[in-house]
Amino acid sequence: MNLLSFLSLGLLILLWMAASNGENSFLPSPYEVWMKSVSLSEKPIAEMSMLGHSLESLRRVFIGLLAATIIGIPLGTMIGWNKKFRAIFQPIFEIIRPIPPLAWVPLISIWCGVFEISKYILVFIGTFSAVVVNTYSGVNLANRDNISVGRMFGARGVRLIVDIVFPSALPSIMAGLKTALTTGWGVVLAAEMISAKSGLGMLITRGSDSNDIQLVLVAMILIGIIGALMSTAFTVIERRLSPWRTDLN
């Protein structure tokens with residue numbers, strides 16, 4: 001993080017302090033929010049610390065995203081590689097993709113109730129399309145000259161896809177996973193706000209119901225920090241998997 005980044009964060013805090021300084025301001029000051037976070041360590045909500053609630057939200061995201069990745073990458077690869085497969089499945093994803101993940105909430109609630117599995121399914125739905133679409137786009141745009149050279153040297157079928165097509169499509173796949181991670185984080189928080197006994201989304205609902213704006217802001221700040229850390233960690237992983245990409249360095 002360079003000096004400009006620190007300056008921008010400092011400016012944000014100053015603006016926050018100025019906005020909360022008025023007599024009729026409904027916005028708590030940074031100090032009040034900090035003291036609220038300290039008090040939460042002494043009086044946990046739902047017998048769980050803030051770290052525990054954060055880990056619960058992260059667990060739901062990663063389980064849903066893992067399922068979407070395991071199913072979505074092979075499916076996207078087949079759609080991008082096989083014309084018949086593409087003709088069958090691509091129109092389906094083009095129809096499903098514009099549907100917001102939260103539009104599935106009523107159906108998932110009816111089918112699966114308000115149990116933990118419903119949150120995993122919502123994250124899966126929210127992340128699946130991004131993984132599939134970016135994978136088949138990357139595979140479809142793979143360098144044809146490299147594929148021709150691979151075939152000349154005897155690469156066929158799975159070997160051709162794994163050794164030549166997949167590395168070429170990797171930047172697009174990683175972009176899809178990064179988008180899916182961001183979407184999944186938003187979806188799980190919204191799902192927790194609807195029905196959950198733990199998680200950061202539940203804390204926002206609890207704060208809203210009890211008019212505890214400090215609690216709402218503590219949860220919101222944690223959401224932002226964790227989201228930024230996940231994005232940074234994903235960029236590091238992407239740099240390791242795609243060392244030839246100078247734009248990541």
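Leu3, Leu4, Phe6 and Leu7 together make a nonpolar surface patch of about 480 Å². The model described here is predicted. Leucine 4, one of the patch residues, belongs to helix H1, which covers residues 3–19. With a relative accessible area of 64%, leucine 4 is exposed, because the term applies over 50%.

## Positive phi angles in two loops

Most residues other than glycine have a negative phi. Alanine 46, although not a glycine, has a positive phi of about 55 degrees. Alanine 46 is placed in the loop between helix H2 (30–42) and helix H3 (50–81). Its relative accessibility is 39%, so alanine 46 counts as partly exposed.

Asparagine 211, a residue other than glycine, likewise has a positive phi, with a value near 55 degrees. This asparagine lies in the loop that separates helix H9 (200–209) from helix H10 (213–241). Asparagine 211 is exposed, its relative accessible area being 61%.

## Helix H4: start, kink and span

At the start of H4, asparagine 82 directs a side-chain oxygen to within 3.0 Å of the backbone nitrogen of lysine 84. Further along H4, a kink of about 35 degrees is located at phenylalanine 89, shortly before proline 91.

Helix H4 comprises 14 residues, 83–96.

Notes
Residues are numbered from 1 along each chain as its sequence is written. This is a predicted model: local features need pLDDT of at least 70, side-chain atom pairs count only at pLDDT 80 or more; totals for chains, interfaces and linings use all residues. Side-chain values use heavy atoms; hydrogens and water are left out. Patches are made of residues with over 30% relative accessible area and no salt bridge: like charges are joined within 9 Å, nonpolar side chains (Val, Leu, Ile, Met, Phe, Trp, Tyr) within 5 Å. Accessible areas come from the Shrake-Rupley method with a 1.4 Å probe; for residues, only the protein chains shown count as cover. A salt bridge is a side-chain nitrogen of Lys or Arg within 4 Å of a carboxyl oxygen of Asp or Glu. Helices (H or I, at least four residues) and strands (E, at least two) are DSSP runs, numbered from the N terminus. Buried means under 20% relative accessible area, exposed over 50%, partly exposed in between (1.4 Å probe, protein chains only). The expected span of a helix is 1.5 Å times one less than its number of residues. The bend at a residue is the angle between axes fitted to the seven residues ending there and the seven starting there. A polar contact is a pair of N or O atoms within 3.5 Å; within protein, one must be able to donate a hydrogen and the other to accept it, and residues adjacent in sequence count only if both atoms are side-chain atoms.
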